[in-house]
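Work through the exercises below with the structure open. Try each task before reading its solution.

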Amino acid sequence: MAVTSLIPRLKTPGVYVEEIPKLPPSIAQVETAIPAFIGYTEKAEDGRGRRLTNEPKRIVSLLEYERFFGGPQAETGIVVEIKEGPALQAFEVNGTIAESERKKFLMYYALQLFFSNGGGPCWIVSAGSYEGAGGEVVQADLLAGLRATERVDEITLYVFPDARGLTTAADYYGLYTEAISLCVKLQDRFTVTDIWPDPAGLPEEWSKNIQAMREGLPSEVDRAKYAASYFPDLETTLDFWYGGEG
């Protein structure tokens with residue numbers, strides 16, 4: 001009868017200490033290679049014209065995303081300032097936009113960053129179109145998209161690029177609480193959250209937003225270990241789209 005040793009195979013001589021943790025891990029040990037992006041899109045249809053709203057679709061490139069789901073929503077509140085320099089043909093162009101004027105749909109930009117940083121296969125769930133949403137992010141739409149992913153075994157990570165457009169912390173963290181609950185149920189996926197920025201607060205009051213996150217998300221270890229919050233926001237050189245070519 002063959003006997004399998006439970007002692008780890010050590011490749012070099014010496015003294016080894018194997019630590020056995022007594023507390024449960026703070027982060028669930030699941031694969032996080034195949035994310036599902038859930039949010040609003042310009043369109044949602046396959047090559048035969050069949051609707052893909054709330055229908056998970058696997059893609060492998062930004063070009064494929066554009067084919068099925070279109071592009072970003074054009075920004076309309078950008079103010080452009082041109083400063084001429086002393087030399088001929090020397091000038092500086094700066095574009096600015098007020099926070100209140102920005103579009104709330106960030107799905108396309110999230111995919112842009114994902115593939116620019118070496119992202120591979122992922123799943124897209126369109127929760128609705130820009131036009132159909134009327135410019136607003138609705139929790140019920142994102143929850144419907146979340147529920148549509150339960151039957152897809154390959155998904156290992158949840159991302160909601162448009163969730164920050166929700167108007168209350170209760171709706172925002174309520175969405176992520178449902179996502180965490182699904183992760184706990186399935187035991188094979190993880191949720192990435194952000195800190196909801198209170199539009200009524202001041203930029204320097206970020207600690208209040210973090211406290212709201214701690215109060216809004218599940219605190220039990222067996223549930224909280226299926227999610228991670230990232231702060232502060234990342235900065236990128238990618239530009240918002242304002243229409244036209246290029």
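**Exercise 1.** Which residues make the nonpolar surface patch of about 720 Å²? Keep in mind that the model is predicted.

Solution. 
- Step 1: List the members. The patch is made by Ile-78, Val-80, Ile-82, Phe-91, Val-93, Phe-240 and Tyr-242.
- Step 2: Strand E3 (79–84) and strand E4 (91–96) each give the patch at least two residues. Tyr-242 sits in the segment after strand E8 (227–230).
- Step 3: Classify Tyr-242. The cut-off for exposed is over 50%. Tyr-242 has 63% relative accessibility, so Tyr-242 is exposed.

**Exercise 2.** Classify the aromatic pair of Tyr-65 and Tyr-108 as stacked, tilted or edge-to-face.

Solution. 
- Step 1: Count the pairs. The model has 13 aromatic pairs.
- Step 2: Take the geometry. The centres of Tyr-65 and Tyr-108 are 6.0 Å apart, with 55 degrees between the planes, and the pair is tilted.
- Step 3: Locate the partners. Tyr-65 belongs to helix H1 (residues 62–69) and Tyr-108 to helix H2 (residues 107–116), so the pair links parts 43 residues apart in sequence.
- Step 4: Check burial. Buried means under 20%. Tyr-65 is buried at 0%, and Tyr-108 is buried at 9%.

**Exercise 3.** Which arrangement do Tyr-108 and Tyr-109 form?

Solution. 
- Step 1: Read the pair. With 6.1 Å centre to centre and 80 degrees between the planes, Tyr-108 and Tyr-109 are edge-to-face.
- Step 2: Check Tyr-109. Its relative accessible area is 10%, so Tyr-109 is buried.
- Step 3: Widen the view. Tyr-65, Phe-68, Phe-69, Tyr-108 and Tyr-109 form one aromatic cluster.
- Step 4: The charged end of Lys-57 sits over the Phe-68 ring, 4.5 Å from its centre.

Definitions and conventions: Residues are numbered from 1 along each chain as its sequence is written. This is a predicted model: local features need pLDDT of at least 70, side-chain atom pairs count only at pLDDT 80 or more; totals for chains, interfaces and linings use all residues. Side-chain values use heavy atoms; hydrogens and water are left out. Patches are made of residues with over 30% relative accessible area and no salt bridge: like charges are joined within 9 Å, nonpolar side chains (Val, Leu, Ile, Met, Phe, Trp, Tyr) within 5 Å. Accessible areas come from the Shrake-Rupley method with a 1.4 Å probe; for residues, only the protein chains shown count as cover. A salt bridge is a side-chain nitrogen of Lys or Arg within 4 Å of a carboxyl oxygen of Asp or Glu. Helices (H or I, at least four residues) and strands (E, at least two) are DSSP runs, numbered from the N terminus. Buried means under 20% relative accessible area, exposed over 50%, partly exposed in between (1.4 Å probe, protein chains only). Rings of Phe, Tyr and Trp (its six-membered ring) pair if their centres lie within 6.5 Å; planes under 30 degrees apart count as stacked, over 60 as edge-to-face and the rest as tilted. A charge sits over a ring if NZ of Lys or CZ of Arg is within 6 Å of the ring centre and within 35 degrees of the ring normal.
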